[in-house]
Amino acid sequence: MKALLLQDKNQWKEMKVQEVEKPYPKKGEVLIEVHAAGLNPVDYKTATNGNPNWTYPHILGLDGAGTIVELGEDVTEWEKGDRVVYHGDLLKKGAYAQYAVTTAHTISHIPDEVSFEDAAALPTAGYTAYQAIHRKLPLDQVETILIHAGAGGVGGFAIQLAKATGKTVITTASAHNHDHVRELGADFVIDYRSEDVQQRVKEITDGKGVDAVVDTVSRDNATLSLEFLSFMGHLVYIAGAPDFTKVKPFTSVVSYHEIALAAAHRADVKSQKDLAVIGDEMLEMMVEGKLSSLREETISLEEVPQALERLSERHVKGKIVAKIKS
């Protein structure tokens, strides 16, 4: 098969499409003919330092969508030809290839109304956002949510999911993305480059602060976000933990929530199956017109390295997807 090969760590900019042996499914796995693969920052981040569990050449790509072509032993709930999407295990070879293997209990069925390309845009960013909104936050106690970097993948999905629950959504974005995040459902948009985010949050919430923050940016930004929270507020962090010492005990009583989607593959089977549950729910929202895939650009497999480089510059709106099968 053809695959985009990472020859060694920190060589992701030099990846080339080459011929390699097609994988085969083991017990509990399926072989998928990949039609489309989603790009994510985690690709270049992990490829920069590599992983001790990888053998080279390695194949990146956590988000794959395609058709099942072979069933491993004990797989009875799926059939050849089923249209599926999945979030792959970071430690295994990925979806930047014509064929990929994944566990049968973590995949979701793609409805006929959803394209492979739109489905492939979903898993890493979408499931992360879903965990942030629906698995971590006590939504019955939350009215206002600040979502950082709303024009990005995780931020864009989080805005839509939070708004679908009826919450007041505040987000940060560059000025040229304000219309975009408003279309996704943001009630208030703060230009983090020209405005004082803390001051604007206080103005919007009448000095109370927000009930929850979803930080997708950095450890420093997560730490700064502690200043934006109301009493008994919630901080969901995706790009690094804050400096917990910044909030003194017996003051604002903040709750902290870590999101690490890839950790599900190291957890129990029930936790792994929840990836499929999340995928099913979000795909149904797509069918109902309640969720955008955020797909802004469709590229070829050969163009992935250049697109990852643009992602690393942190100014890409929405999602980029590689179309692999014509």
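Here is a walk through a few strands, some aromatic pairs and a surface patch in this predicted model.

Let's start with strand β15, residues 319–323. Four of its five residues are buried, so the rest of the structure largely encloses this strand. On one side of the story is strand β3 (residues 29–38), which pairs with β15 in the antiparallel sense over three bridges; here Ala-36 stands opposite Lys-323. Then there's strand β14 (residues 295–300), which runs parallel to β15 and is joined to it by five bridges, with Arg-295 opposite Lys-319. To get from β14 to β15, the chain goes through helix α9 (residues 304–312), making a right-handed β-α-β crossover.

Now for the aromatics, which come to four pairs. Take Trp-12 and Tyr-44: their ring centres are 5.6 Å apart and their planes sit at 35 degrees, so this pair counts as tilted. Trp-12 is in the loop between β1 and β2, while Tyr-44 is in helix α1, 32 residues apart. Trp-12 is buried at 5% relative accessible area, and Tyr-44 is buried too, at 10%.

Phe-244 and Tyr-256 make an edge-to-face pair, because their planes are at 90 degrees, with the centres 4.7 Å apart. Phe-244 comes from the loop between β12 and β13 and Tyr-256 from β13 itself, so the pair ties together parts 12 residues apart in sequence. Both are partly exposed: Phe-244 at 38% and Tyr-256 at 29%.

Finally, look at Phe-231 in strand β12 (residues 229–237). Phe-231 is exposed, at 56% relative accessible area, and together with Met-232 and Val-253 makes a nonpolar surface patch of about 320 Å².

Definitions and conventions
Residues are numbered from 1 along each chain as its sequence is written. This is a predicted model: local features need pLDDT of at least 70, side-chain atom pairs count only at pLDDT 80 or more; totals for chains, interfaces and linings use all residues. Side-chain values use heavy atoms; hydrogens and water are left out. Patches are made of residues with over 30% relative accessible area and no salt bridge: like charges are joined within 9 Å, nonpolar side chains (Val, Leu, Ile, Met, Phe, Trp, Tyr) within 5 Å. Accessible areas come from the Shrake-Rupley method with a 1.4 Å probe; for residues, only the protein chains shown count as cover. A salt bridge is a side-chain nitrogen of Lys or Arg within 4 Å of a carboxyl oxygen of Asp or Glu. Helices (H or I, at least four residues) and strands (E, at least two) are DSSP runs, numbered from the N terminus. Buried means under 20% relative accessible area, exposed over 50%, partly exposed in between (1.4 Å probe, protein chains only). Two strands pair if DSSP finds at least two bridges between them. A crossover is right-handed if, with the strands pointing away from the viewer, the path from the first strand over the helix to the second runs clockwise. Rings of Phe, Tyr and Trp (its six-membered ring) pair if their centres lie within 6.5 Å; planes under 30 degrees apart count as stacked, over 60 as edge-to-face and the rest as tilted.
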